[in-house]
Amino acid sequence: MATISDVAARAGVSTATVSRTLNGKSTVDPELAARVLEAAAELGYHPNGLARNLRRQETAVLALIISDVENPFFTSIARGVEDLAQVSGYSVVLCNSDENEDKERRYLDVALQERVAGVLLSPTGAATNVTRLRRLGTPVVAVDRPLPGTDGDQVLVDTRRAARQAARHLVANGYRQVACLTGPPGVRTADDRLAGYFDAVGEENAVYRRAEYRAEGARHAAGDLLDRPEPPDALLVANSTMAIGVLEALAARNLRAGRDVGIVSFDDAPWTTLIDPPLTVVAQPAYEIGRVAAQLLLARIADSTRAPVTTTLDAQLIERQSSHR
């Protein structure tokens, strides 16, 4: 079994640097930290989490509460969290809130009861409340969506800017009436993507619908838009799960992406390159969101007095045929 000295030798650093890295200390140079994590993964090193957490009177477990386990975006976040947590001696329990405030509340209660070391949370909306966790000393990091009314640690993506860029891309490619299909009101990512769309086309020219972040709701909403007397000739879609519903609505009307209706969707799901034509996407760095969030949580566990950190990552527009006539 590998030891901390083995990891230090493989990474070319001191054992103290290994210890600080695996405990989430922010004072470690990022390049050295990356070498330590790589060495720990290669050697299969696992810290003695049981002994450490018996001293802290907590379990060596992190709770990850996401809003939709079927959405590839969130499963990629989960992988980023797990990969970082594993080499730091923590296990991850995955909880699916299903965009349901009651389920989210129950999982937060379970996290307290099971005395997890920390919680990573994608909030369902404005009603999300982590006051009790923080009061009892359980650190929380928000992922993808900020926690309402708090200034805690969080890892976000600038989706307003990304939506603005995507809508402008459709306009630049000759589509005359670009509509937007976004998520429920009060969900920060849905509101930000709609705002970015407004930035690009102007609110006076906006045509949009809101729906649950689900294929079925998106299919009905897209159908409502496509059946208008003057239907849009392009759609900006808020996530890949909704994009499935949009493509179903197009197929039901014998319409083709790109040729008849331009499509840009958030999230580069694995299937987006397998359809004809391939889907233009706004690719969010989901794995990186999870990895950085886990780093922030481990740093908060190691030092509860450190200042809150907000990390905002960029998304990338990947152009494919669905947004070109």
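1. V282 stands opposite L317 in strand β12. Helices (H or I, at least four residues) and strands (E, at least two) are DSSP runs, numbered from the N terminus. Two strands are said to pair if DSSP finds at least two bridges between them. β10 and β12 (residues 316-318) pair in the antiparallel sense over three bridges, and V281 stands opposite I318 in β12.

2. On the source: this is a predicted model, in which local features need pLDDT of at least 70 and side-chain atom pairs count only at pLDDT 80 or more, while totals for chains, interfaces and linings use all residues. Residues are numbered from 1 along each chain as its sequence is written, and side-chain values use heavy atoms, with hydrogens and water left out.

3. Which strand pairs with β10 in the parallel sense? Strand β9 (residues 262-266) does, over three bridges. In this pairing, S265 has V281 of β10 as its bridge partner.

4. In a regular strand the side chains alternate between the two faces of the sheet. In β10 (residues 280-283), T280 and V282 point one way, V281 and A283 point the other way, and all are buried. Buried means under 20% relative accessible area, exposed over 50%, and partly exposed in between (1.4 Å probe, protein chains only).

5. These strands belong to an open sheet of six strands, ordered β7-β6-β8-β9-β10-β12, with mixed pairing. Its edge strands are β7 (208-210) and β12, each of which pairs on one side only. From one strand to the next, the twist averages 15°. Helix α9 (residues 188-201) packs on the sheet and touches β6 (178-182), β7, β8 (234-237) and β9; the direction of α9 makes about 170° with that of β6. Helix α11 (residues 240-252) also packs on the sheet, where it touches β6, β8 and β9, and its direction makes about 160° with that of β9. Axes here are lines fitted to C-alpha atoms, for helices over the stretch in contact, and angles run from 0 to 180 degrees between N-to-C directions.

6. Another open sheet of six strands has the order β2-β1-β3-β4-β5-β11, with parallel pairing. β2 (91-96) and β11 (310-313) stand at its edges with a single partner strand each, so one side of each has no neighbour in the sheet. The twist in this sheet averages 15° from one strand to the next. α12 packs on the sheet, touching β1, β3, β4 (140-143), β5 (153-157) and β11, and the direction of α12 makes about 170° with that of β5. Strand β1 (residues 61-66) and strand β3 (residues 118-121) run parallel and are joined by four bridges; in β3, V119 is the bridge partner of A63.

7. Q154 is found in strand β5. Is Q154 buried or exposed? Its relative accessibility is 11%, so Q154 counts as buried. Its side chain makes a polar contact of 3.0 Å with the side chain of T310. A polar contact is a pair of N or O atoms within 3.5 Å; within protein, one must be able to donate a hydrogen and the other to accept it, and residues adjacent in sequence count only if both atoms are side-chain atoms.

8. H169 is found in helix α8 (residues 159-172) and is buried, with a relative accessible area of 7%. A polar contact of 2.7 Å joins its side chain to that of S323. Leaving aside neighbours within four places in sequence, the residues in contact with H169 (heavy atoms within 4.5 Å) are V264, T280, L317, E319, S323 and H324.

9. A nonpolar core is a set of buried Ala, Val, Leu, Ile, Met, Phe, Trp, Tyr and Cys residues joined through side-chain atoms within 4.5 Å. The largest such core has 86 residues, and L62, L120, Y197, L236 and I263 have the most contacts inside it. Helix α12 (residues 286-302) gives the most to this core, with nine residues. A second, separate core has 14 residues, including V116, V119, V140 and L147.

10. Helix α1 (residues 4-11) and helix α2 (residues 15-22) have axes that come within 8 Å and cross at roughly 100°. That makes α1 roughly perpendicular to α2. By the cut-offs used, angles under 35 degrees count as roughly parallel, over 145 as roughly antiparallel, 65 to 115 as roughly perpendicular and the rest as oblique. I4, S5, V7 and A8 in α1 meet T15, V18 and S19 in α2.
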